[in-house]
Amino acid sequence: QLFQLLKSSCTVDEWDRQNYETTMKEAICLLSADLPSSDAKRPAGSLDTSNSLCYIREFVEEGTDAIKDDEPSKSTIADRRTMEQLNDVVSDAFTSSAVLYRTLLLREAAQTLLDNWDTLTTVTSGDIDRAAIEQIGMPPQRSTVKSNAIQKLFEAYGAGSSQDWVQAWWGLIDNDGDGLID
């Protein structure tokens, strides 16, 4: 639903502050709707969903040495079926946890964007210097942000790596597309 919202909102190349804030607020609502609640009265031993890594950490093995077993396996067919069922359960649980983790990342990215309009639209000193050299007037604040740069940021957090996240932020901040950020 989030990506459909972004796609429908990206009919214009740039968003003014009102469109930007409205879209970010809708994104936060969409991303918060299906998250488990962080209940202060949760049962002992349950995971705190306010921690974004609360479920993923259950699947990460700590540094253990691989144990070599030179004896041939004596598993029965029933044991193999049980292991396959267990693997399916673990795989589904991991996938569910990864989706939760990405959803939390997307929600926090939307909140960060919502809270930092002024930072994103501030004209850099390098841009002001280049404008002065070209004798062009430049306001201290841009009035819009590129909607496709916002969409790329969400795509990076939805399915990309940390390198993709950095490149997406860079693309959002680098308004003139010169590859330079001051």
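Q: Good. Anything to know before we start?

A: This is a predicted model, where local features need pLDDT of at least 70, side-chain atom pairs count only at pLDDT 80 or more, and totals for chains, interfaces and linings use all residues. Residues are numbered from 1 along each chain as its sequence is written, and side-chain values use heavy atoms, with hydrogens and water left out.

Q: How many helices and strands are in the protein chain?

A: Seven helices and two strands. Those are DSSP runs numbered from the N terminus: H or I and at least four residues for helices, E and at least two for strands. Starting at the N terminus, the order is α-β-α-α-α-α-β-α-α.

Q: And what share of the residues is buried?

A: Of the 182 residues in the protein chain, 27% are buried (under 20% relative accessible area, with exposed being over 50% and partly exposed in between, using a 1.4 Å probe and protein chains only).

Q: Let's switch to packing. At what angle do α1 and α6 pack?

A: About 165°, with the axes of α1 (residues 2-9) and α6 (residues 147-159) 10 Å apart. Axes here are lines fitted to C-alpha atoms, for helices over the stretch in contact, and angles run from 0 to 180 degrees between N-to-C directions. That angle makes α1 roughly antiparallel to α6 (over 145 degrees; under 35 is roughly parallel, 65 to 115 roughly perpendicular and the rest oblique).

Q: Which residues make that contact?

A: From α1 there are Leu2, Phe3, Leu6 and Lys7, and from α6 there are Gln151, Phe154, Glu155 and Gly158. Contact means heavy atoms within 4.5 Å.

Q: What about α1 and α2, how do they pack?

A: α1 and α2 (residues 17-33) also sit at about 165°, with axes 10 Å apart. So α1 is roughly antiparallel to α2.

Q: Who meets whom there?

A: Leu2, Leu5, Leu6 and Ser9 of α1 meet Thr23, Glu26, Ala27, Leu30 and Leu31 of α2.

Q: New topic: what's up with phi of glutamine 135?

A: Phi there is near 55°, a positive value in a residue other than glycine. Most residues other than glycine have a negative phi.

Q: Where is glutamine 135 found?

A: In the loop between α5 (125-133) and β2 (144-146).

Q: Buried or exposed?

A: Glutamine 135 is exposed, with a relative accessible area of 76%.
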